Amino acid sequence: MLAHEFMRNAFLAGSAVSLACGLVGYFVVLRAQVFAGDALSHVAFTGALAAAAAGLDIRLGLFMATVAVAVGIGLLGQRARPDDVVIGSIFVWVLGLGTLFLSIFTANSSGADGTAAVRVLFGSILGLSAAEALLAAAIGVGAALLCLLLARPLLFASLDFEVARGVGVPVRALGVVFLALLGVVAAEASQAVGALLLLGLLAAPGGAARLLTANPWRGLALSAAIAVGSTWIGLTLSYEIDSLPASSAVIGCATVAFVAAAVLAWLRGRGAGRRRAEATIAA
């Protein structure tokens, strides 16, 4: 499998991007900002369409739109943690713009341009060139390092906002920076798994890690491991099964991991309840 250059490029880019998604996704789940991640996945496609309609590189539209909207919802929300009303309002506005740009793009696009738009929507990790894979890997590693740099104060602010603010943590600025980081990761990940499936790679590993452990540092590592493992297994399955798209395989593996974690957490809770009942009867 690794004798093919396109598979090596996919593994290089996918590993770095999924690592960033796993780390950032854990905080997305911890801070209850999954809806924000969902909104940014649609912003990514709208931004790509806007750039394509203007004749620009779609990656420029991806990053500019997701980062700008992410910072905007952070500034509009209280405590830099936007509520559902703020996100929902921006979500509808972005979808409206997306419809406009899609109309313009469809009227003026050629077949090749249409293919480019589909790649943004559904992902194109197997179609990355060596230069694109290196760029994606660099962005993914940079985002992962920034997330780890912010991890300690971000964890403090996520678990106890008032106490963190009381001891001098710049919680509002930290929240805006985190949302900007989420925008960068969303833009880059949309090229790997597509805008439609982006939320799965952000939410499923983090959700599974939260179910499996209450220790935040262990959960952060576990979320990253699940995301990277899902990407590796998904790419392998996609290579072995010709009719299976890589993005669907990756998200499918992440979803299976989440379901397995939910079942394991349920069994563990049931066993703990049974032990408490037996201890009560024995007493």
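**Stop 1: the largest cavity**

Select R59, F63, L128, E132, L135, A136, I139, E188 and Q191: these residues line the largest cavity. Before going on, note that this is a predicted model, where local features need pLDDT of at least 70, side-chain atom pairs count only at pLDDT 80 or more, and totals for chains, interfaces and linings use all residues. Residues are numbered from 1 along each chain as its sequence is written, and side-chain values use heavy atoms, with hydrogens and water left out.

A cavity here is a set of points on a 1 Å grid over the protein atoms alone where a 1.4 Å probe fits but cannot get out, and a lining residue has an atom within 4 Å of a point. Points are joined across faces, edges and corners, and the volume is the space filled by probe spheres set on them. The whole structure has 3 cavities of 30 Å³ or more, and the largest has a volume of about 60 Å³.

Now colour by helix (DSSP runs of H or I, at least four residues, numbered from the N terminus). The elements giving two or more residues to this lining are α3 (58-76), α6 (130-159) and α8 (171-193). The largest share, 4 residues, comes from α6.

**Stop 2: α3**

Select 58-76. α3 has 19 residues and reaches 27 Å from first C-alpha to last, close to the 27 Å expected at 1.5 Å a residue (1.5 Å times one less than the number of residues). Its buried residues (under 20% relative accessible area, 1.4 Å probe, protein chains only) are G61, L62, F63, A65, T66, V69, A70, I73 and G74.

**Stop 3**

A nonpolar core is a set of buried Ala, Val, Leu, Ile, Met, Phe, Trp, Tyr and Cys residues joined through side-chain atoms within 4.5 Å. Which residues touch the most other members of the largest one? Pick V24, F27 and V185, out of 61 residues. Helix α1 (residues 5-30) gives the largest share of this core, 13 residues.

Zoom in on F27: not counting residues up to four places away in sequence, F27 touches (heavy atoms within 4.5 Å) C147, A151, L154, L155, S158, F178 and L220. A second, separate core of 5 residues includes A44, A48, L62 and A187.

Back on α1, 20 of the 26 residues are buried, so this helix is largely enclosed by the rest of the structure. Just after α1, check A32, which takes a positive phi of about 55°.

**Last stop: A262**

A262 sits in helix α11 (residues 246-282). Draw a distance from its C-alpha to that of A208, 54 residues apart along the chain, and you get 7.0 Å.

Methods
On a 1 Å grid over the protein atoms alone, a cavity is a set of points where a 1.4 Å probe fits but cannot get out, and a pocket is an open set with protein on both sides within 12 Å along at least five of seven lines; lining residues have an atom within 4 Å of a point. Buried means under 20% relative accessible area, exposed over 50%, partly exposed in between (1.4 Å probe, protein chains only).
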